Amino acid sequence: MAFASIGDIDVAARVEETIKRRGADKKVVASIWTSLAGAGGVLAIVAMFVTWYSDDRTATAWFSGFLPPIALLLVVSAAAVLVAKPLRIVGADRRVDSDLFAFVVIGGGALLMMLRQLSRGGLSDMVYLLIIPLVAWTFSVVRALGRPNRSTRLELEQVALGLAAIGAGLIVVKRLLDPEYATGGWAWGLLAGLAVVAAALAACQYLGILSIFQVTLFVALALSVIILVILLVQVIGDGWPVLSERLGDFWSGTLRSRSGDERLGISQGILGSFWIAGFVVMIAFPIGIAAAVYLEEYAPRNRFTTMLDIIVRNLAGVPSVVYGLLGLFLFVKGTVVTHWIIDRVNSVWASIFDEEQLIEVGQSTLFAGGVTLAILVLPIVIITAAEAVRAVPQSLREGAYGVGATKWEVIRSQVLPFAAPGILTGTLLALARAVGEAAPLILVGAITGRLAPRDSMFSGVDQFFGQFADRFTAMPIVIVGWVRNSGVDSGFGPAAGAAIVMLLVFVIMMNSVAVLLRNYFEKKRA
Amino acid sequence: MTSTDVPAKGVTLSIDESPAATAASQAQDVVFRARDLSVFYGDFRAVRNVDIDIRQGEITALIGPSGCGKSTVLRSFNRMNDLIPTARLEGLLTYRGVDLYHPKVDPVEVRRRIGMVFQKPNPFPKSIFDNVAYGPRIAGIKKKGELNEIVEASLTRAALWEEVKDRLSASATGMSGGQQQRMCIARAIASNPDVLLMDEPCSALDPIATARIEELMIELKKDYTIVIVTHNMQQAARVSDRTAFFTAEVDAKTEQRTGVLVEFDLTTTVFSTPADERTENYITGRFG
C-alpha cells in the first residue's frame, strides 16, 4: 500500500522523520545500555577487590548477600526497558523517560528485596539498606557524565554492553551454580577485567572521548576515582564483620580494652567528634568570616595587611602537629594566664553548682581539643571566605552605595549573601578536615583507651558543661588506637575498618549538607 | 523647566554652612557648581581645573573621548570616588551651595539625594520588588504598604510597571538588559533623590532599549536634574539641554593623560557653533 502511493509522499519529510526517530531511539538505547554497562563495571571492580582482599568469610557475606541481587536488578531492568520500548511505554516521544523508568524498576526491585529481608526477620545485617543508594548513585553519576553533547556510536556501545552483560550474567550464573561461593580464583579475575574494560569503554563513549590524548586525560581523572573506590572497598571489606553483624551495638558501644567485648563501640568517638565540630562551628566560623570581611572590605591595602595576608596563607599550610603543640601549651599545660582563668572559672563553678572544680590544671579536656582544632582550621576558613568575598562583583557594591547604603549595609545586604555559597563551601570543607584530624588531638591528650562516660550530658546544666572539662576522644583517635592494637588483638582490625566507614559516612553527610546549603544560597542569588 | 513637585529638599545638607560654600552659593537653580576642580588617583591627576555649573531641571551631557575624565567628574558629584582609596579631590565642588567635600558632609547622605545609574545594569540578585525597595528600606521605611506605594510609583515613573507588575517577586536578573536598566533607574528614583547621575546608561543596550531610556530621561527631566555621561554624541544632542565637552591632554614628559573641560554651553550651541576647535573636531568625527 505504502509503495503504491509513493508518488504522493513527501520523501524528504519522510526521511527526515525517520532520521529523527532513529536518533531519538539511539539516544535512549545508548543511555540505558551504557548506564547498565557502567553499573556492571562498578560492580565488577567491587567484586574484584573483594575477591583479592577479603578472607573466605567476608567474601561469602558479600557474594551471597550483596552482589547477585544487584546484578540481577541490572539485568531485569535492562530487560524491562527493552520490552517497554517496542510497546511504546517509554521513549523519547513518551512522557516517561526511559532512564526514569529503569530507575523506577531498579528502585522498586531494591525495595522489594528489602521488604523480603524484613519479612525474613529484620534488617539485622543492614546490607540491603545499601543497595538503593548505591544503585541510585551509580545511575545518577553515569547519567550526569552523559549530559554534555554526547556523540553516540552504536558499535562501541554494543561492545561495552556485551562485555558488561557477560560480567553481570556470570555473577548470577556463578551464584546459582555455587551457593557456597568459595574465594574467587582466575574466573573472577577474568570476569572483573572484562567488566572493567566494558565500563571504561562505556565511559569513554559517554564522554565522547575518542582520541588517545583525551583517553589519557580521562585516565588521569579516573585514577583519583579508582583510588577512592579502592579505599572504600578495602575499608568496607575490613569492617564488614562488624558492620554486618552488630552495627547497632557498635554505634552505641564504648571503648573497651578487648575486641571480644560485646560493648565495644564508637559512641564516645562520635560524641567527641560531634563536639569538636561544634567548637569549630562556634569559634572558627564567626571569627574566620569576620576576619575575612575585615581583610577584604575594611583593611587598607598597605604593607601590614599584605603581610597579614601572607601570614594567614602560610598558617594554613602549617603541619597540624604544630597546632597540637600550641594547644598543648596553651590549653593543657597552661600558661600563667590560663591558670588564672581556670581559677576564676572554677570559683564561679563552685559557687553555682556546689562542686569542687570544673577544670583541673594540666588536664586534657574536650574544650582544649575543640579549641585547638578550631584554631587549626581558622586560616582555611579565612582564606576561603576572603576569596568568596573578593569574588563579589564591584557593580553590586556600587549599586548599593549608589542609593545611599552605608558600608555595613552594603556588606550585610549584598556582599555576604552573594558570597554565602563560597563561604559555606570553604567552611564546611574546613569542618570536614577538623573532624578528620588525629595528630593534634593526640598531642592535646585525647584518649585511646578506656574512657568513663558521663551518665548523661542532658541531665543538668552542670553535666552539660562538665563534659567539656572531661577527658575525651574522637573518631580519628579511636581509629588510631584500634589500628595500633590490632597487632595484639586481631579483632580490633574489623572494628577499625567499621569505625573508618562510620567516619566517612559522618564526613559525607556533612559535605552533603554543605552542597545542599550551597545550592540553596546559589538559587537564592540567581 | 523648574520642577514644582520636587520640594526644596536637598537645599541644605545637614552641616553648618562653611564660608567657602556660602560664597559659592548663588543662583537657586544651580545644583552643582565646580570651581577649579581637580581629581587625583594617588599621584595621577585624572582631571584638572574643571569649572562647571549644573542647572536644576536640565539634562547636562558630559561627552568626550575615552580617558578624558568625564566619568571621574560625574562620580565626584555623589562622592562615588570615595570608594577608591587613593582618590582625592582639589578645588571646590558645591551641591546647592554646600561644599560636598566638607568634612562634616556624610557621603551616605549625599548618595541618598544624588542617585546614580551605572554603565552596566547592576540589578541585585533579589526580586524586582526588593531591588526597588532597597533604597527606601535602608532609609528606614519598614511598612509594607508604604513600600508598595513607593515601588509602584518608581516603576511607573521608570516606565516599567506595566511590564513587571505581575512578577514583582521574580528575580531581577531574569529581565532583559533594557528592563534591568530601567529597573535600576526605578531603584535610584525610589530613594527620592534630587539629582540622577547616569554613567553611560545605554552603552550596554540595543538601539530600541536605548531609545526607551532616552524617552524616559526626557520624561524624568520634569522632576529631576540629570547629568549623563555618554560616548554617543547623537544621544547627547537628542536628550541634553547643555553639553560639556572634555578631552584628554597628554603630558609630554610622563605621558599621563589628564582630562580637561574644553567647552560647556547649550547643546545647540556646542553642536552647531562650537567655540573651540577641538570640540568641532570631535563632534565632526575628525578625532576621538
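A polar contact is a pair of N or O atoms within 3.5 Å; within protein, one atom must be able to donate a hydrogen and the other to accept it, and residues adjacent in sequence count only if both atoms are side-chain atoms. By this rule, five residue pairs are in polar contact across the interface of chain B and chain A, both residues of a pair being at pLDDT 80 or more. The model is predicted, so local features need pLDDT of at least 70 and side-chain atom pairs count only at pLDDT 80 or more, while totals for chains, interfaces and linings use all residues. Residues are numbered from 1 along each chain as its sequence is written, chains are lettered from A and ligands numbered from 1 in the order in which they are written, and side-chain values use heavy atoms, with hydrogens and water left out.

The interface comes first. Contact (heavy atoms within 4.5 Å) links 23 residues of chain B with 19 residues of chain A. The size of an interface is often given as the accessible area lost when the parts come together. Here chain B and chain A bury about 1,600 Å² between them, with 58% of it on carbon and sulfur atoms; buried area is the accessible area (1.4 Å probe) that two parts lose on being put together, summed over both. Of the area that chain B buries against chain A, 30% is supplied by B:P125, B:Y134 and B:I138, more than by any other three residues.

Two salt bridges are counted between chain B and chain A, a salt bridge being a side-chain nitrogen of Lys or Arg within 4 Å of a carboxyl oxygen of Asp or Glu. B:R75 forms a salt bridge with A:E398, and the closest N and O atoms are 3.0 Å apart. On the side of chain B that touches chain A, two or more residues come from each of α3 (107–113), β6 (114–117), α5 (134–138) and α8 (177–190) of chain B; helices (H or I, at least four residues) and strands (E, at least two) are DSSP runs, numbered from the N terminus. By class, this side of chain B has 12 nonpolar, six polar and five charged residues. Ala, Val, Leu, Ile, Met, Phe, Trp, Tyr, Cys and Pro count as nonpolar, Asp, Glu, Lys and Arg as charged, and the others, Gly among them, as polar.

B:R75 itself is found in helix α2 (residues 70–77) of chain B. B:R75 is buried, with a relative accessible area of 14%; buried means under 20% relative accessible area, exposed over 50%, and partly exposed in between (1.4 Å probe, protein chains only). Leaving aside neighbours within four places in sequence, B:R75 is in contact with A:E398, B:M80, B:N81, B:M116, B:F118 and B:D199.

Strand β6(B) pairs in the parallel sense with strand β7 (residues 195–199) of chain B over four bridges, where two strands pair if DSSP finds at least two bridges between them. The bridge partner of B:I114 in β7(B) is B:V195.

Elsewhere in chain B, nine of the 12 residues of β1(B) are buried, so this strand is largely enclosed by the rest of the structure. Strands β1(B) and β2(B) run antiparallel and are joined by eight bridges, and B:V30 has B:R55 as its bridge partner in β2(B). The hairpin of β1(B) and β2(B) has two residues between the strands, and B:G42 takes a positive phi near 65° there. Strand β1(B) also pairs with strand β4 (residues 87–95) of chain B, in the antiparallel sense over eight bridges; B:S38 has B:E90 as its bridge partner in β4(B).

B:R33 lies in β1 (residues 30–41) and B:D53 in β2 (residues 44–55), so the pair ties together parts that are 20 residues apart in sequence. B:R33 is buried at 7% relative accessible area, and B:D53 is buried at 12%. The side chains of B:R242 and B:E58 also meet in a salt bridge (2.7 Å, N to O). B:R242 lies in strand β9 (residues 242–250) of chain B and B:E58 in the loop between β2 and β3 (59–63), so this pair ties together parts that are 184 residues apart in sequence.
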